[in-house]
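Here's a quick tour of a few local features. Load the model and follow along.

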Amino acid sequence: MRRLPPLNALRSFEAAGRLGSLTLAAEELHVTPSAVAQQIRALESFLGQKLFERDGRALRLAPRAQHYLADVADAIGRLTQVTEQMLCAPGRRPLRINTSTSFAHGWLFPRLADFHAAHPGIDLQVVPTPDRDIETLDETSDVLIRRYTPELRRRGFVCRPLLANAAVPVCAPGHPALASIHVPSDLQGAPLLHYAGLPSAWQYWFHCAGTPVGATLRGPLYEEFLLLLQAAISGLGICLAPRAVVQDHIAHGRLVALFPEVRLEGPPFHCLYRDDARDQSLGRLVDWIFQRAVEEHGPVPA
């Protein structure tokens, strides 16, 4: 039997934790502060531990409760989304695209306006989730775009390669280190930025460039890829990023690519979509995604 706390208790906890106030949470939920406090006490009793610590009048999350809040907020948001889908009239629900946050920001969002202009009657809902959650992705999405792993395949979905995943070093065009970078080995002395999701990426890149390096390279480590990319755009250093994700930044002069001839290939981005030939809206969306990918990047090498 699944052990689940009452939904009202979770909603009260999420609102109080997010807003840092019982009063504000009560206003949002249209109940009294005492009702919110009662729901939180019920949840604490269910979990057998305190969720909040008092700091004067301020409400502060207990250390373990901070992680719990993030998961609860994500779950409530997910419930809200699927409920809204069920409330939509049949045949009118939006098509759901699930992808990583970095791919959504770097490739998908900049192009969606063109799709909406060509197909104004098709509603889309983009649901970005971290790559680390790939094994838990369910099949409520119509389209999934991810770097390929064996766990990516889903029953009832077609899986096709979409974009090559070649990493390229990028930095702000005015970065002072550019003046002294002429060959790949010069990057060893440059301010490198690292992504926690692939901490050895720079070692792999230097190997592809024929430059031996040690197991440890200096530079800050970023847990979130978008923060890593923003750090590079802001002139804090040089990072490695998939060419497809940063192409728009390069085209608009926010980033410059270094040594694109060095090919560090990762698992290609694949597009999965429901195998339903009767869904014309889905067919138009899938055709558009693959058409844009081929026009801009060419076919994925075999």
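## Two crossing helices

A crossing is left-handed if the near helix is turned anticlockwise from the far one by less than a right angle, and right-handed if clockwise. Helices here are DSSP runs of H or I with at least four residues, strands are E runs of at least two, and both are numbered from the N terminus. With that in hand, the crossing of H1 and H3 is left-handed. The contact (heavy atoms within 4.5 Å) involves Asn8, Ala9, Leu10, Ser12, Phe13 and Ala16 on the H1 side, and Val36, Gln39, Ile40 and Leu43 on the H3 side. Those residues split into seven nonpolar, three polar and no charged; Ala, Val, Leu, Ile, Met, Phe, Trp, Tyr, Cys and Pro count as nonpolar, Asp, Glu, Lys and Arg as charged, and the others, Gly among them, as polar.

## About the model

This is a predicted model, where local features need pLDDT of at least 70, side-chain atom pairs count only at pLDDT 80 or more, and totals for chains, interfaces and linings use all residues. Numbering starts from 1 along each chain as its sequence is written, and side-chain values use heavy atoms, leaving out hydrogens and water.

Now for S5, residues 143-147: four of its five residues are buried (under 20% relative accessible area; exposed is over 50%, partly exposed in between, with a 1.4 Å probe and protein chains only). Strands pair if DSSP finds at least two bridges between them. S5 pairs with S3 (residues 95-99) in the parallel sense over three bridges, and Ile145 is the bridge partner of Thr99. With S11 (residues 264-274), S5 pairs in the antiparallel sense over five bridges; there, Arg147 has Phe269 as its bridge partner.
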